[in-house]
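Visitor: I would be grateful for a close look at a single part of this model, with an account of how that part is placed against its surroundings.

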Amino acid sequence: MTERFGISRAEAVARINERYGEMEVSAYPDLMCHELPEFWAYGAYYRPDGEGRLPTGDVDDDAGIDFTRLSIRPLPPTGSSVWTLKDEGGEPGRTDES
C-alpha cells in the first residue's frame, strides 16, 4: 500500500488493522494464504464500486473495474487503537490531515 497508494507504513498498518483486525482467522486457517496481497490491500484502501465489487489483484478479475472511479475509504480516526505504529513525525495516528 505504501508503494501503490503513496501512504505511510503507519497508515497502511492502521487500515489493515481497522478492516481485518476483528476477523476470526482461526476459523479459516488458510484464508490469508489463498488471496493475493493486493486483495487485502485493495479491500482496506478502496470502497466497493457501484456494483459492490472490490479489486482482487487478479488482472482478469479486475478488468471490468475502473480504478479511477473507486472511492477511498476514510482514514481510521486519529488516536484509534488501530494506529499501532508511529507516523514519520513520531506521533501515533495521522497528524497531517487530522
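Guide: Helices here are DSSP runs of H or I with at least four residues, numbered from the N terminus. On that basis the protein chain of this predicted model reads α-α-α along its sequence, with three helices and zero strands. Of its 98 residues, 30% count as buried. Among contacts between residues at least 6 apart in sequence, 49% join residues at least 24 apart.

The part to examine is the packing of helix 2 against helix 3. Two packed helices are described by the angle between their axes and the distance between the axes. Here the axes of helix 2 (residues 9–20) and helix 3 (residues 37–45) come within 9 Å and cross at roughly 85°. Angles of 65 to 115 degrees count as roughly perpendicular, and helix 2 is therefore roughly perpendicular to helix 3. On the side of helix 2, the contact is made by Arg 15, Ile 16, Arg 19 and Tyr 20; helix 3 contributes Phe 39, Trp 40, Gly 43, Ala 44 and Tyr 45. By class, these residues comprise six nonpolar, one polar and two charged.

Helix 2 itself has 12 residues and spans 16 Å from its first C-alpha to its last, close to the 16 Å expected at 1.5 Å a residue. Its buried residues are Ala 10, Glu 11, Ala 12, Ala 14, Arg 15 and Tyr 20. Their cover includes helix 1 (2–5) as well as helix 3.

Beyond its neighbours within four places in sequence, Tyr 45 is in contact with Phe 5, Ile 7, Arg 15, Ser 71, Ile 72 and Arg 73.

In soluble globular proteins, nonpolar side chains tend to be buried together. The largest nonpolar core in this model has 13 residues, and Met 1, Phe 5, Ile 7, Tyr 45 and Tyr 46 touch the most other members. Helix 2 and helix 3 are the elements that give two or more residues to this core, and helix 3 supplies the largest share, five residues. As for Met 1, when residues up to four places away in sequence are not counted, Met 1 touches Gly 6, Ile 7, Ala 12, Arg 15, Ile 16, Ala 41 and Ala 44.

Key:
Residues numbered from 1 in each chain as written. Predicted model: local features only at pLDDT ≥ 70, side-chain atom pairs only at ≥ 80, totals over all residues. Heavy atoms only, no water. Axes fitted to C-alpha atoms, helices over the stretch in contact; angles between N-to-C directions. Parallel < 35°, antiparallel > 145°, perpendicular 65-115°, else oblique. Contact = heavy atoms within 4.5 Å. Nonpolar A, V, L, I, M, F, W, Y, C, P; charged D, E, K, R; others polar. Expected span 1.5 Å × (residues − 1). Buried < 20%, exposed > 50% of the residue type's maximum accessible area, 1.4 Å probe, protein only. Core = buried A, V, L, I, M, F, W, Y, C linked by side-chain atoms within 4.5 Å.
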